[in-house]
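Reader: I'm new to this one. Can you walk me through it?
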Amino acid sequence: PNAIRSAGKIIHAAVASGFVVAECKMATMQRADAERMFGDRNDRALVNDACAGACVGIALVSEDAVAKFAALNGEKGSTDPSTLHGAFGDACVASSSESDAETQCA
């Protein structure tokens with residue numbers, strides 16, 4: 001929900017970095033869905049944030065997409081404006097593996 005106002009800019013940054021948007025969906029997450037997607041991270045705050053309002057889910061496609069998006073996203077708390085975290089705060093959550101991405105996009 002923290003990135004909803006910046007969704008267009010975030011999508012633009014991803015496309016400018018070579019990603020193709022395969023799917024984009026805005027929804028309000030139910031707690032069960034948020035726990036399924038993020039429960040393995042042991043981050044209750046993330047689950048609570050995901051349920052706090054509308055979210056935008058974006059399925060991006062690229063060669064080595066998980067690692068490539070992790071680099072674009074940057075480290076949580078980063079102030080480097082060339083990363084999504086630096087430009088938009090800690091609003092973007094990325095899949096940590098190919099199998100994680102497949103589960104989250106299901």
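Author: A term before we start: a nonpolar core is a set of buried Ala, Val, Leu, Ile, Met, Phe, Trp, Tyr and Cys residues joined through side-chain atoms within 4.5 Å. Buried means under 20% relative accessible area, with a 1.4 Å probe and protein chains only. This is a predicted model: local features need pLDDT of at least 70, side-chain atom pairs count only at pLDDT 80 or more, and totals for chains, interfaces and linings use all residues. Residues are numbered from 1 along each chain as its sequence is written, and side-chain values use heavy atoms, leaving out hydrogens and water.

Reader: OK. Which residues are in the largest nonpolar core?
Author: There are 10: A3, I10, A14, F19, A65, F69, L72, L84, C92 and A94. Two elements give two or more residues each, α1 (7-16) and α4 (65-73). Helices here are DSSP runs of H or I, at least four residues, and strands are runs of E, at least two. The largest share, three residues, comes from α4.

Reader: What is L84 in contact with?
Author: Contact means heavy atoms within 4.5 Å. Beyond neighbours within four places in sequence, L84 touches I10, A13, F69, L72, N73, G89 and C92. Apart from this core lies another, of eight residues, including M29 and F38.

Terms used: Buried < 20%, exposed > 50% of the residue type's maximum accessible area, 1.4 Å probe, protein only.
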